[in-house]
Amino acid sequence: PPIDNRSLPILETQERDQSEYKNDEEVLPVPLTESHGLLLASQTAYLSAYISAHQGLSSCNGAKLSLPTFKAHEREDKAYALSSAIDSAQEACKRQDNIFAAYAAIFGRSRTEAKPATSRSYHRFVNERLSQLSDIERKVDLLSAETEERLSRLTFPKERDDTFPLMPLTASVRRVCHDLSGVTSRSPSVQAAKSSIGDRLGKLIYTLQEAKKRWKEASAKLPRGPCSEVLPLTGVYKTGQYYLRLTNDIDSNISPKEHLHTPILSGVDPIIQASVFTMVVLQVILHLSRRGCHFLLAMMRYIVQLSLQRNNPILSVQDQKLLHDFPKDPDSAVKQFLLDGSETIYAVCPKATCHKLYTPNFSGSLPFPRYPEYCSHREFADGNECETRLTRPRVFGDFEVEVPIKRFVSFSFKEYVASLTCRSGFEDCMDSVSAGKGSEASEEMQDVFDGEFLRDFRGPDSKPFRSESGPEGRYSFSLGLDFFNPFTNKQGGKKASAGVISIVCLNLPMSLRYKPENMFLAGVIPGPSEPPLTAINHYLAPIVDEFLEFWRPGVRFSQTAKLPMGRLIFCALILAICDLPAARKLSGFASHTSEHFCNVCHCTLSNPGLQAINHGDWAIRTDSEYRVAAAEYKSGLSADSREKIFKDNGVRWSELLRLPYFDMVKCIAIDPAHNLFLGLINEHFTNILGIRLRPFQEKTVIDLDFRPTPLEFKECHRKDVEKVKKWLQAPYSTTFGPTQVHGTKKLMRLSLPVLQFVCEQIRCPLPILPENRTAPLKQEYCESILAWREEQVEHREAGAQSSTPCGHVLRADEMAEIWSDIEKLLTPTWMTSVPSKLGQPHHGKLKADQWRVLGTTHLTASLIRLWATGPMNDERSRRCYDILHVTQSLVSAVILATSHSMTKAIADAYLRHMSDYLEGIRRLFPDYQLVPNHHLALHIHQYLLLFGPVHSWWTFPFERLIGTLQRTPQNGRLGEAFSGFLRRYRSNILAGEVEGTMARAYGRRGKIATLLSKAGCPEVIQQSRPFFETLLSLQLRDDLRTTIRGDFHIQPECILDASSSAYRPIARILPTEFQFACTRAHIDVPSRGILPSRLTIGSLNYAISSKHPGNSCIMVSGIGSCDAVPAQLAYIVQFRSGVGNEKTCLGIRRYQEAGLAHDPYLAFPVLRARIWAARFHDLEIIEPLQVACHFASLPLILEGQELIIALPLSRTAYLIEDAASTGFEKEN
């Protein structure tokens, strides 16, 4: 260690003669190991230093030293003592190094292989680092002088393609930066010198970058040469972001309107445009890796080269330029598509109860954003500041920057609205949806604008908030908030939660509204845990601020696709739709498990309670009451006072209260997808009917009293005695099986002492023993116990309730029938698949749409077949029939509530069916306790009238957005910063966290999907729209297609465009059966035509029976009557009729009537199910417009006939007063 005179010990003179330390070499042992040498060198250096220092004090004369005397000598000879000690220590170290080298040579080790001595002088180490920094500083001086001299002589470029002349100097500066980063030391002097040199290098880099930027700006103003080899670069819109302000590959920063209207790849060869677009789509949509993108670009260039050399191996100048211009770097190619939007990265307070956001501050010429170091948030007006550290130092290359410990990436809502208005045709769609929706009530509601709320909603000028084709645009939006596990629910051990705030424009038509590229991701709330209570308000503040600006005074866009001179746009958030826990956090209302469990009415757990279903007596909350209660909570001066206020009314403060028009009761909707599917259907079939077949412990049917077991019994014997007692008290059939053999096997597992003790207690008669035996056998004890048990009289509850208790209604044989029906049921491909072994734990947690399909299709068809088609000659069968009717009340209510068309009559019918269901549950299962979802289900009737059909505003699209985020590739470090200062100082210094990565990836995906709708999109890319839409449609979940149904159009799979010269399949001779059917229908058809196997009608796929049996099951209307009948699609034929007219006809086979005296499915008219014979009529010809929908088909054998059960899958509900009626109108 370094010798310091301040720490030199005051020691007494040792009796050892100092002469033994004069020749250090003689002290070393032989042989010498490396560790011994190092230890001895350290000890000898220390002793030599002390002796030298002690001898330097001439006045001591070898006497015993005291502390005052030593201090006096120290003041006299301080310099001499210190220098002598250091010199002695260094000389000793050198001598030991030489000795070590000699011994290392003996053992075959060279000096260069030896490890450095740990006793090397600390000051020498610091001096070496300072010497290195001195050399680097001289290089910096030379570079600074050269830079200043060359900048003074720098002129403007003469040609557009002239290279920046100071590029070699820039490379030299970066090499010096690399050398500086290699100098490491904890010494304050070294760090101070390094920091000073780093500041000079940073200024030097900034000066060179600014010079290069001015050079490129001047170069861009020059005319482009005829043989330019550089692809033109377009501007990139990056404002207010967490980016380094040193750019060397960007021409200029442009305004938002220019960014959204800038042409893509302007002036580039169409082959390169198509190739680069392909690579970008694969990277953004399918997450192709960077290495894969490099390979793809290289292979595309190679394929183009082979194509050009196919006829002539010598390429022309134009072809050579094409190959030369082919991009090699995928990152540069992606930048041409301007996929990065405007974002703001907030610093988040990492304290679990705070989560306050702080905006970045770019001040002066600093290249880095500044954040406050500590949180200054006060929860209460006179409370203390949080004072949690917000930032931490991070080294990025050669720079140390204060970066946020926790971050939140927020995206610009203005840019989202601008991206909608810059797309051709979108403004007309957004204006036409709300146009003409007057205040008068409409009989049929098809969209959210037909509901009561938006019909009466007024803007800031008290005029109806409807967008007409004029200078103003008035658009309505809905907000979704949900929390999810970024690692999905399947990865064990990674339990985390992040939140997502997303927004949907309700003015878009249903065919466009919920497409992923048209949904706005406002931000991903960072994990790894959810923000508590009102802390969620901090994350809502940025989006609420923007909505306030859009409400008054509005935002004027300088240019839109419809109005190039600009347009004033007003926006309003009129609906928040989330699952129940997220909705309560969003609104500030109490949890659904608290005393104030309902946010719609004043019902509480104590009065009138969850069991009250008389909804007509409930007092509905109002927005004014809500705001008064929230303001009172906010005015609380302490946590205790706020908690007391909260317990009184169940309301906390919400950031949404800042929106003056937002109704906190009506606009916080109850989501039908979570309430009805994950809530009621799941609860009914799992916890009431018991599809999981949980073991059921019945009540005792006989009374038994055993005396205490003997003391010599082991613990295991005592447990076995208690077990046998429970077996004997339980019903005989459920404990010992149908035969005595099963019971004997069960008892034989017990020990003989246990059986003997049980026989003594129940006093059962034992068999007569033969003369050669003194005690019964074990089997004889078992048979005696079973014989005694069979003679006992069981006391069980009367009726069928004991065989159908709540949670255990379904038996094992009935579940086996349900499993068989699930496998046999034919369904179309768009319907969500369900597990075949329903109720088993291996299939995991079911999703909302799976419960919807199970409840309205699979389980409904099976239960009616099991409980309504057989004889009802016992109490259980009659009780099961009553349970079936209650179950169908729930299923009917769900079908009516989720209809794509809503009327007041349908909403009232929903309320009636739901009330019947709750009354039936209370009657059949008196001990069952209703849950909050049952209460809230009765309030859904109110929201059906306020906002119309639920598919226009429910949470399904927001849940699918979460699935897209979960599939985003990421490194799994939730809530951590993981990126550094990127190379060449030319990009953003922080890429963000996992949450930011997912959010940016989703935004890029949406921008690439909307690219084809922009005016600046190249023509060759626009012509690839069919292929691109096919790629997106394959990624789209099938059940979403039933929600975003487009305009009714017909598209056979093999026809892209009737007027196109693209490849068309060869016409074939039409089947004879089809020609005969056309003759019977008096339809003139040619002898040859095209026979596609699939057909798309209204975004749903239909197929012939030989291609896919499920997609061939169709309901057909307009044959003989207005009623729709089931049929099988056999042929799809396309032929020319007249001059250039393409016509499509379908060949179908209708199912025949079953002829049953009683069809049990007709008792439930909302299902529209019916039994048909498994026989067909002759082939018939229809038009595609006669196809109403698919149906699910379940084979059935009843009364000796082969039948099918047809369940229509139309999403549009209807009402039938007469239960015997079977028809339904075709879905539009």
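How many salt bridges does the count come to?

1. The total is 44 salt bridges. This is a predicted model.

2. Start with R138 and D135. Their side chains meet in a salt bridge, at 1.9 Å from N to O. Both residues lie in helix α3, which spans residues 122-152. They sit three residues apart, about one turn of the helix. R138 has a relative accessible area of 46%, so this residue is partly exposed. D135 is also partly exposed, at 34%.

3. Next, R389 and E373. The closest N and O atoms of this salt bridge are 3.6 Å apart. R389 has a relative accessible area of 27% and is partly exposed. E373 is partly exposed too, with a value of 40%.

4. Then R773 and E780. Their side chains form a salt bridge with an N to O distance of 3.2 Å. Here the two partners fall into separate classes: R773 is partly exposed at 25% relative accessibility, whereas E780 is buried at 16%. E780 counts as buried because its value is under the 20% cut-off.

5. Last, a network. Salt bridges with shared partners join five residues, E427, D428, D431, K562 and R567, into one network.

Technical notes:
Residues are numbered from 1 along each chain as its sequence is written. This is a predicted model: local features need pLDDT of at least 70, side-chain atom pairs count only at pLDDT 80 or more; totals for chains, interfaces and linings use all residues. Side-chain values use heavy atoms; hydrogens and water are left out. A salt bridge is a side-chain nitrogen of Lys or Arg within 4 Å of a carboxyl oxygen of Asp or Glu. Helices (H or I, at least four residues) and strands (E, at least two) are DSSP runs, numbered from the N terminus. Buried means under 20% relative accessible area, exposed over 50%, partly exposed in between (1.4 Å probe, protein chains only).
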